[in-house]
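Student: I would like to learn how to read the aromatic rings in a protein model. Could we go through it step by step?

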Amino acid sequence: MLTGLLAGCLLVFSADGPTRWDFTDPATVSGWLTNADVSSQEVTREGWRLVTTGRDPQLTSQPIDVEIEDFALLYLNIRASRDGECQVFWSHEDGPMMGFSEDRSRRFAVNGHGADTEAFLLPGWTRGSVIHRLRFDPFGDAEFVIREIRIVYPFKDLPKHTSIPPVPETVLPIDVKDPSSSTGSGSPWFLLPNERTVWCGPLDVDLSTRSGLLIQTDYADTEQIARPWHLYWVVSGESRAHEVICWLWPRREPQWIRLDRFPAWTGKIEALGVKPPQSGSFKALHLAEQDISAPWPVITRFCKMDPVWRAGRPCIILTRLANQGGGTVDPAMLTVSAVDETGRPLSVRPRQEAPGVHLQWGEHQDLFWDITAEHPGRIQLTVTGAEYGGITKIFCDAMPPVAESNLDYVPAPVAPSLPFDVCAYYFPGWKSAEEWQCILEHAPERRPALGFYDESNPECVDWQIKWSVEHGITCYLVDWYWVQGRQFLTHWFEAYRKARYRDMLKVAVMWANHNPPGTHSREDWRQVTREWVEHYFNLPAYFRIDEKPAIFLWDPRGLLRDLGSPEEMAAALADSQQIAQEAGYAGISFVAMGYGYTSSELSTLQQAGFIGWTTYHEWEHAAVKAWSRQEVSYREIAESAPKAWEERLSHARKAGLTYYPVLDTGWDARPWHGNTSMVITGRAPADFGQLAESARDFALREKLPFVVVGPVNEWGEGSYIEPNAEYGMSQLKALRRGLTGMETDMPEEIYPSDIGRGPYEFSLADLRRPVWPFTPDAAWNITGNGTSVAKEPAGWRLTISGAPPVLSRKVYGINASCYSHGTVRMSVSPVGNGKSDDVITGHIRIESMEKEVLADKTFSVQADGIEREYSVDLGGDNPKWTGRPATVSIVPVDRSGYEVFISSILLVNESGTSAKNEL
């Protein structure tokens, strides 16, 4: 059993290592360059002392051109005045950004308050790699003493293992002075304490016949949750480690982690690393053969789909069965049972016949059940038939029935009395069924109380106003988008204008100016100001600070970058004040948003005309100290946030600004970004209520006019408190309790179904069919320079005069094994230098959410102007064609000089008939 491996293990290294920077030596320091964000520096007997005041301090070496002699580690010895996260980069040659990039870097945490941090990093450098430069990025507004950086070779001249040796009970320290002394047991396992990763090396293992890893975990988890395991491997001849994050269920039998669909799982590996979740461990790790035949059925979702379960009314329950092994799994084997508090069984009725599809690796099937409780109380639900477990038991509360009623409209809200405003971020990104597909696919338990709704419906907005206002939220800060006059996602504001209870909820523009460089200008700033003045400030409930309409700006740094100087930014804001005053307003209150502002940056903001500063989330303190960014505790966020507020407010006030505290509503963006997303775990309503209580006390003590609640409806990012199937109304209730300090006097819990209103949701079934047309509003993205696009009713017409374009889109709800071929319908004609008799090739690629390649196929194209259906065999001899496709992309032709008219891509089953609807 591998226990105790993640503590107490030290690396010792040779004093005469081959590459070493001793920063107590002025000659060494002279070989490194600092940027303007390092305000002062000196060489002392302790090391190179630096003070960073800018946002992005950098220390860059002169060209070193070190050829790595063997499998190497990087050692750093650093002292910092506060906790934070640093980053090391390396380049192979000069180029853009001096050859540095995120994929050739490693991040690591630094302990503050004068304590030394000895960081051992495994960049993935192997023999033959040439390191041209190194760059060390500390964080801003801190003092550092850098003692030493060194490249070390603890495994030099050691024999390489051609298979993964057994996992030992304990790990011996590596002594770089004498590696053989620490490898006398023959075990190549070692630990990098700061990374919390157990490594195995040096290896010489061929991956050509290996599909991945078999890992036998050794931990129990009574909460029935999957937890993140980080896997790393270093390929011979490369210069960076590859990483995959897998969410494994607690299971003591070996589990298959399939890796052969990742392009980097190739060649020979020299090292393999495993980072378990906190308190997790493993006792065996093996390379898996190509063919895993044993099916591993797991229940990965087991949840109610209704926001409220009323006694006497059926509640929809979802079970999701996945096959995480080989062979196939039959969904018909599942059964669900339910009992009430007395042990009496409840009626359980499947909502559909068992599908005839058997699930291969990586595929899943949703099954829905109607369950009726005759009486209020606690209900226990159990699913059987999945041998490998997962979420097999849940508890739900059946609430008392409500009197039958059919109201003409949403009941009017009644607001509590608060001594300050409570503003909440609102993301208007849910105007079509397409946007909701990722939630149904990856987080169905988040289904809103309004269903998968249309935000452009004023009645939906009135429900949002009712629920928010009744629980203490007085204002929405609405994400608003403008790029050089182009606007999008304004539909919620238009519905708000028509809402009956509009004037009971204040609103303000939060300009999410994630704009490309060069898209801000003085004239554009004047234009956008006029848009605010003419179309938003005149709303009766527009939010004001100091009697002035408020504008929240996501990225002042982007504005400063494009305008070129603080003086120009100040002049732009002065233009806004003049435009607003000429329209009869007292001016505009500008609030900056952002992270990591230094003292000088805050002073620049204040001098430019901003009155305050806030953030979109508040998790930095907890995230830096977390075991893994994939598991950040919400309770630790709730406990650390008040200290962060105090630090930010003190920081802001020194610059003449005010900081407005943020109550974080969580984060789990796996529906949008896959397993690499940071996940905030344990988001309990009680902790959110504690955070709200802390915010109330903080606002009253500091006499703040308002506090900010994190997003109420960022369903894709996992930041939400709007009523939903997962939490019901409990998060909003916790917010009200914390803000008012009152446990009683709660508003009546009313949902649309209680009063005969709704449903408001889109029909999602059609979008789960694998048919993707190129209609004018279709969600295809196009990349590549030199292609003009005309979107016609029947398809897209592409004229290609530069690099071949790539058309891509997200897809959902498809089990790959149900379909054998992809069909592309298009015509191709030569233009310019194109020729009709050229041999032209198209290219289709289908990937999973984790960028695993399911299919990567080319096909021949005829350039004669005739519309054809090109059939591409996706399965056949391709063992990777399993799982759940997440992205489909196509290069219609592989060269310029052609016009393409493309109308659709679809998947078909083996008989070539039309695609079927899996719902």
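Tutor: Gladly! A charge sits over a ring if NZ of Lys or CZ of Arg is within 6 Å of the ring centre and within 35 degrees of the ring normal. This model is predicted, so local features need pLDDT of at least 70 and side-chain atom pairs 80 or more, while totals for chains, interfaces and linings use all residues. Residues are numbered from 1 along each chain as its sequence is written, and side-chain values use heavy atoms, without hydrogens and water.

Student: Which ring does the charged end of Arg135 sit over?

Tutor: That of Phe89, with 4.1 Å to the ring centre. Likewise, Lys156 lies over the face of Tyr153, 5.9 Å from the ring centre.

Student: How many aromatic pairs does the structure hold?

Tutor: There are 60. Rings of Phe, Tyr and Trp (its six-membered ring) pair if their centres lie within 6.5 Å; planes under 30 degrees apart are stacked, over 60 edge-to-face, and the rest tilted. Trp467 and Tyr751 form a tilted pair, because their planes are at 55 degrees, with centres 6.4 Å apart.

Student: Where in the chain are Trp467 and Tyr751?

Tutor: Trp467 is in helix H4, and Tyr751 is in the loop between helix H14 and strand E46, 284 residues apart. Helices (H or I, at least four residues) and strands (E, at least two) are DSSP runs, numbered from the N terminus.

Student: Is Trp467 buried or exposed?

Tutor: Buried means under 20% relative accessible area, exposed over 50%, partly exposed in between (1.4 Å probe, protein chains only). Trp467, at 2%, is therefore buried, and Tyr751 is buried at 0%.
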